Amino acid sequence: MEALRSDAFLKRLAEQREEMWAKMTAEKKSYGAEKPLTQEVVVRRLQFGVVMERKAAEVTARWIPHIPDLDIQRSLSEYVANELKHAAILRERIAELKGDADALWKNPLRELKELWDYHASLGSFCELVASVQYGHEEFFPRTSRSFIQRVESIDPMTASIYRDTLLVDEEAHEWLAPEALRRYALDAETQRRCLEALQKGCELFARAIQSFNRTTIH
Ligand SMILES: [Fe+2]
Ligand SMILES: [Fe+2]
């Protein structure tokens with residue numbers, strides 16, 4: 001494959017991601033979206049969130065010293081701080097609901113661990129961004145919106161955390177991944193690896209959701 005121009009490359013990545021989303025939706029791999037929520041399920045969902053937020057920060061942080069441009073480096077640092085802030089907010093909410101904030105952090109589902117081990121193993125910043133921030137993190141607003149709708153009536157405080165903090169911060173950093181890929185994923189080999197990483201990352205994410213659904217008593 002010859003190197004693609006940035007727009008075409010980003011389009012390819014997005015198409016691949018959306019294919020995966022369509023597949024996940026068809027197979028109902030979306031946090032048990034069709035099932036009614038209980039307080040217990042809400043806590044479990046927040047525990048899953050703690051791992052997702054904290055791990056996103058951890059796997060990203062190690063690349064910060066390697067970013068050539070200060071504007072991206074600075075924004076990526078803010079991204080890391082934001083994801084850690086989200087993990088902290090979710091932990092607090094779990095404590096208020098009398099749950100164990102670190103239940104999944106200390107004892108992650110196998111598939112959830114595989115997802116983040118994979119991200120931690122990636123050999124370049126571009127692959128990581130393609131797989132996490134331009135990959136399955138793009139699903140976050142969609143799954144959150146459906147969660148907010150369902151949680152509103154039984155737990156308005158949790159709904160507000162997702163709507164007023166997590167989603168707002170998410171929107172503020174959406175520009176970062178495409179911009180980083182536009183600047184740094186320029187050669188054919190890097191682009192090929194990015195496409196591969198996004199595919200694999202989305203697959204592992206889908207499996208982690210499936211495992212969440214299987215192990216959550218709905
Ligand atoms: Fe977050
Ligand atoms: Fe995020």
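Predicted model: local features only at pLDDT ≥ 70, side-chain atom pairs only at ≥ 80, totals over all residues.
Lysine 98 is exposed, as 8 other C-beta atoms lie within 10 Å. Residues are numbered from 1 along each chain as its sequence is written, while chains are lettered from A and ligands numbered from 1 in the order in which they are written.

**Lysine 98**
- Lysine 98 sits in the loop between helix 3 and helix 4 (103–106).
- Its phi is positive, about 65 degrees, although lysine 98 is not a glycine.

**Overall build**
- The protein has ten helices and zero strands. Both are DSSP runs numbered from the N terminus: helices are H or I with at least four residues, strands are E with at least two.
- From the N terminus, the order of elements is α-α-α-α-α-α-α-α-α-α.
- The radius of gyration is 17 Å, which agrees with the value near 17 Å for a compact globule of 218 residues. The radius is taken over C-alpha atoms, and the globule rule is 2.2 Å times the number of residues to the power 0.38.
- Along the principal axes, the C-alpha atoms fill a box of roughly 50 × 35 × 30 Å.
- Buried residues make up 38% of the 218.
- Of the contacts with a separation of 6 or more, 83% join residues 24 or more positions apart. A contact means C-beta atoms, placed from the backbone, within 7 Å.

**Helix 3 against helix 9**
- Helix 3 (residues 70–96) packs on helix 9 (residues 176–184) at about 145 degrees, with the axes 11 Å apart. Axes are lines fitted to C-alpha atoms, for helices over the stretch in contact, and angles run from 0 to 180 degrees between N-to-C directions.
- Helix 3 contributes Ile72, Ser75, Leu76 and Tyr79 to the contact, and helix 9 contributes Leu176, Glu179 and Ala180.
- Five of these contact residues are nonpolar, one is polar and one is charged.

**Glutamate 2**
- Glutamate 2 lies in the segment before helix 1 (6–26).
- Glutamate 2 is exposed, with 6 C-beta neighbours inside 10 Å.
- Glutamate 2 and glutamate 189 are 187 residues apart in sequence, yet their C-alpha atoms are 8.6 Å apart.

Note on methods:
Contact = placed C-beta atoms within 7 Å. Nonpolar A, V, L, I, M, F, W, Y, C, P; charged D, E, K, R; others polar. Buried ≥ 20, exposed ≤ 12 C-beta atoms within 10 Å, placed from the backbone.
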